[in-house]
Amino acid sequence: MNIKFGFVLLCLALLVSGCTTVKKDPTALPKGVVVNKSVQVPNPVKLRYYIPKSSLNSRFFASWRGLWVNPGQGLAQGVDAAFKSHFSDSALAQFNANDDYALLVALAPEWKPESGVLNFQLNYKVFDTKGKLLMEGKETDKADIGDIAQTAAFFNTALKTAQVISVKVLNTLKPSLSGFPELAKIDQVAKEAIADMKKPVSTGTGFFINKDGQILTAAHVLDDCLVTKATFGQKDSYATLSANSTLLDTAVLNSEFTQVPYLPLREGDETVVGEPVANVGYPLQGVLAQSANLTRGNVSAAEGIPGSMGHLQFSAPIQPGSSGGPIVSDGGELLGMAVSTLNVTNLIEKGIVPQNVNFALKRQHIRRFLDKHQIAYSSSKPNFSADFRTGNDAALATVVKLSCYQ
Amino acid sequence: MKYSLGLFAIMSFAAQVNAADLPVQFISMFDKELGIEEQLKKLPQLKNLGEEVYGTPVKLLVTYHDQGTAGGDVASFTSLMFAAGSLGILPIVENNDFVVSYELRIHSKSIANFSYSINTTEAKNMYTMDHKPSKEVLDFAKTTPAMFAKDLASVSAFKELQQEYGFYFPAK
């Protein structure tokens, strides 16, 4: 009886330990992967690698374990360990004026978990300081998801694939300080070459604030974009950040558009509760029409919810992608900019279904933001007698679709 | 459009915070009775800390978890085997780090993250095991606001947010 019981316990122990994935040793290369003897390791050539922020920040709550799981953390650690074992000066690319490189490896990871197995693909492109593409390809691996809390599966797949890429770079390019003597600034890199420009990771809305093509939008629309494209009518333009405030969730972009129609800010600070407003945006791109969507409603309240910063509440329906859209009076004056909506999920769990509760940053805070950053804008007196079509036309004529690429 | 508002109760259109103190929403796994929020509110930077300022983009999350230690995992597993083998007569001995984390976020972006931990060893009966924090770790948790206060003073991003808030929403 005791022997049988002990045997069962032993099997259970083996089963439990078999399910737990442990992190692999970064100094041990996968089977069949060998660095050519002619290549110097650790290699002194300055290598920087790029991983999209959306992958690095990837995080989800595993409710069955009651904890947060960070695939991005395992990815970052795995890739870092792989390159560091071969290149003495390797790091994640920081897009600022202080960082430079001799070799740049742009990585694009993809995870596909299925029934306990994690399938992983790491696409890569290698660039020199002139932006010339030297190598490209993809590496794949799979691992048991195992103990998800330790993120070992994410680490191991990232480590193995990055190790293979690192060895391919070494064996193919044979990097040396004499072969790659130049350094280039990371922030001078043509970001369109690095980012995946086939499909935006997100879209949002903006609108022209002056005739020089400067675009006002919500700052979160631009979160972690490597490249931002503005679409006005049928034309595209790259857009670059001119000013932003994370606190107010507001940003201004420069674009290549000029002599464009723009929205004036209404003079004064008063918010007229009940005033009809139009909102224009590019919500749910890929689901709804590619053209701008216009919705109408009213200013529902002069303030937002407790703790909000400079908000008014309005009832014109908005959807994901509407952020950064203008809230325009019938007279065609800018009253605010759509920034958020109620998170209905939590309320629905309480049996409450809110309707048309959306928030916009009020114009007086937009004005203060523009003044602070010396960005040109115009003002106009309120026109309460205008036909609603005046406001609709003004909003439609000035709105811009923003696409974010990483 | 991001759903930036996390509401857990019905909203009310109370007056917007327009004082010079940056509103920070307090979200914690600990019971209110532990007094962590009250301790934090005494800090000059967190005067406007509260659970009900739902609309602010600035959140302070205070969470805790047990983190296994290398020796603790082995001891725990071995004692689990003994406990199972003795049908529960022998206790399960656990050794973990109890970690209290403070995370400051703005619009879901983390700007500061500090963790404080204490190593604990507990003997538990396999039939009466619960996962509630013990008195020892709760006493430790009560000491963490003071440690966080020290660390918060060095967070330049938070100072900048306070200054920016003062610029856009000056005290009346």
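1. Helix α4 of chain B, residues 156-168, contains 13 residues and spans 19 Å between its first and last C-alpha, close to the 18 Å expected at 1.5 Å a residue. This description, like every one that follows, refers to a predicted model. Three residues of α4(B) are buried, namely B:Phe158, B:Leu161 and B:Tyr165. They lie on the same side of α4(B), because the arc they cover around the axis is only 55°. On the face turned away from that buried side, B:Ser156 and B:Gln163 are exposed. The cover over the buried residues of α4(B) includes the strands β3 (58-68), β4 (92-106) and β5 (109-124), together with helix α3 (135-152), of chain B.

2. The setting of this helix is as follows. Chain B has 4 helices and 5 strands, and from the N terminus its elements follow the order β-α-β-β-α-β-β-α-α. Of its 172 residues, 25% count as buried. Among the chain B contacts between residues at least 6 apart in sequence, 71% join residues at least 24 apart.

3. The strands of chain B deserve a separate point. An open sheet of 5 strands is formed in the order β2-β1-β3-β4-β5, with mixed pairing. Strands β2 (49-50) and β5 of chain B stand at the edges with a single partner strand each, so one side of each has no neighbour in the sheet. Between β4(B) and β5(B), which run antiparallel, there are 15 bridges. Within this pairing, B:Arg105 has B:Ser110 of β5(B) as its bridge partner.

4. B:Ser76 belongs to helix α2 of chain B, residues 70-85. Is this residue buried or exposed? B:Ser76 counts as buried, because it has 20 C-beta neighbours inside 10 Å. Leaving aside residues up to four places away in sequence, B:Ser76 touches B:Ile92, B:Val93, B:Glu94 and B:Asn95. B:Thr121 is 45 residues from B:Ser76 in sequence, and the C-alpha to C-alpha distance between the two is 9.9 Å.

5. The mean pLDDT of chain A is 89, and 90% of its residues reach 70 or more. Over residues 10-20 of chain A, however, the pLDDT is below 50, and this stretch has 4 contacts in the model beyond near neighbours in sequence. Where pLDDT is low, the predicted coordinates should not be read in detail.

6. The domain assignment divides chain A into domain 1 (21-190) and domain 2 (202-405). The C-alpha centres of domain 1 and domain 2 of chain A are 39 Å apart.

7. Helix α4 of chain A, residues 152-173, has 22 residues and reaches 31 Å from first to last C-alpha, close to the 32 Å expected at 1.5 Å a residue. Of the 22 residues of α4(A), 18 are buried, so the helix is largely enclosed by the rest of the structure. Just after α4(A), A:Lys174 adopts a positive phi of about 45°.

8. Strand β14 of chain A, residues 250-254, has 4 of its 5 residues buried and is therefore largely enclosed by the rest of the structure. β14(A) pairs in the antiparallel sense with strand β11 (residues 215-217) of chain A over 3 bridges, and A:Leu216 stands opposite A:Val252 of β14(A). Strand β13 (residues 235-245) of chain A also pairs with β14(A) in the antiparallel sense, over 5 bridges; here the bridge partner of A:Thr240 is A:Asn254 in β14(A). β13(A) and β14(A) make a hairpin with 4 residues between them, and in the turn A:Asp249 has a positive phi of about 60°.

9. Strand β19 (residues 326-329) of chain A and β20(A) pair in the antiparallel sense over 3 bridges, with A:Met337 in β20(A) as the bridge partner of A:Pro326. The hairpin of β19(A) and β20(A) has 4 residues between the strands, and A:Gly332 takes a positive phi near 85° there. β20(A) also pairs with strand β21 (residues 358-362) of chain A, in the antiparallel sense and over 5 bridges. In that pairing, A:Ser340 stands opposite A:Phe359 of β21(A).

Terms used. Residues numbered from 1 in each chain as written. Chains lettered and ligands numbered in written order. Predicted model: local features only at pLDDT ≥ 70, side-chain atom pairs only at ≥ 80, totals over all residues. pLDDT = per-residue confidence, 0-100. Contact = placed C-beta atoms within 7 Å. Domains from an automatic or database assignment. Helix = DSSP H or I, 4+ residues; strand = E, 2+ residues; numbered from the N terminus. Buried ≥ 20, exposed ≤ 12 C-beta atoms within 10 Å, placed from the backbone. Expected span 1.5 Å × (residues − 1). Arc of directions from axis to C-beta. Pairing = 2+ DSSP bridges.
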